[in-house]
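Please look over the following notes with the sequence and the coordinates open beside them.

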Amino acid sequence: MSKKTRDQIHELIFEADTPTGKLFDIVIFVLIVLSVLAVIFESVELLNLSYHKLFAVLEWIFTIAFTLEYLLRIYAVNRPSKYIFSFFGIIDLLAILPSYIGLFAINTHA
């Protein structure tokens, strides 16, 4: 990707005062809320019994969306290691890591 593309991604993700930046923040916020709601509903045994497959699909949709956001943030900054090891970079990584660990762990999903 070109520097122009990287600059546009940076503006989208990190410049909350632009219309697209505001929209990006709103979309991420909605995804976070929906993700939390899915986890809450999944913890209700009756709902989990009826909708387990749906919750599993939603978990991966959210994980992929948050992974793309994380990777775009790394791509968009001049010093990726500064973001990766920042407070928010670590929080973002910790948000997506459990799903990927679950892929490789034995007997983590029923």
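1. Leaving out residues up to four places away in sequence, T63 touches I96, S99 and Y100, where contact means heavy atoms within 4.5 Å. T63 is found in helix α3, helices being DSSP runs of H or I of at least four residues, and strands runs of E of at least two, numbered from the N terminus. With a relative accessible area of 6%, T63 is buried; the term buried stands for under 20% relative accessible area, exposed for over 50%, and partly exposed for what lies in between, with a 1.4 Å probe and protein chains only.

2. On the basis of these notes: this is a predicted model, in which local features need pLDDT of at least 70 and side-chain atom pairs count only at pLDDT 80 or more, while totals for chains, interfaces and linings use all residues. Residues are numbered from 1 along each chain as its sequence is written, and side-chain values use heavy atoms, with hydrogens and water left out.

3. Neighbours within four places in sequence aside, I96 is in contact with T63, F66, T67 and Y70. The C-alpha atoms of I96 and I64 are separated by 8.4 Å, and the two residues are 32 residues apart along the chain.

4. How do α2 and α3 pack? Helix α2 (residues 19-42) and helix α3 (residues 45-76) pack at an angle of about 150°, with their axes 9 Å apart; axes here are lines fitted to C-alpha atoms, for helices over the stretch in contact, and angles run from 0 to 180 degrees between N-to-C directions. That angle makes α2 roughly antiparallel to α3, given that angles under 35 degrees count as roughly parallel, over 145 as roughly antiparallel, 65 to 115 as roughly perpendicular and the rest as oblique. The crossing in which α2 passes α3 is left-handed, a term that applies if the near helix is turned anticlockwise from the far one by less than a right angle, and right-handed if clockwise.

5. On the α2 side this contact is made by F24, I28, L31, I32, L34, S35, A38, F41 and E42, and on the α3 side by L47, N48, H52, F55, F62, A65, F66, E69 and R73. By class, the residues of the contact of α2 with α3 divide into 12 nonpolar, 3 polar and 3 charged, where Ala, Val, Leu, Ile, Met, Phe, Trp, Tyr, Cys and Pro count as nonpolar, Asp, Glu, Lys and Arg as charged, and the others, Gly among them, as polar.

6. E69 lies in helix α3 and, at 9% relative accessibility, counts as buried; residues up to four places away in sequence aside, E69 touches F24 and I28. H52, which also lies in helix α3, is partly exposed, with a relative accessible area of 35%, and its C-alpha atom is separated by 7.3 Å from that of E42, 10 residues apart along the chain.

7. The largest nonpolar core has 14 residues, and those with the most contacts inside it are L31, F62, F66, Y70 and Y83; such a core is a set of buried Ala, Val, Leu, Ile, Met, Phe, Trp, Tyr and Cys residues joined through side-chain atoms within 4.5 Å. Two or more residues of this core come from each of α1 (3-14), α2 and α3, and the largest share, 5 residues, comes from α3. Neighbours within four places in sequence aside, L31 is in contact with F62, A65 and F66.

8. The axes of α1 and α2 come within 6 Å and cross at roughly 60°, which makes α1 oblique to α2. Here E11, L12 and I13 in α1 meet T20, G21, F24 and D25 in α2, and by class this contact has 3 nonpolar, 2 polar and 2 charged residues.

9. Lastly, the chain as a whole. The protein chain has 5 helices and 0 strands, and its C-alpha atoms fill a box of roughly 50 × 30 × 25 Å, taken along the principal axes. Of its 110 residues, 24% count as buried, and residues 24 or more positions apart account for 53% of the contacts with a separation of 6 or more.
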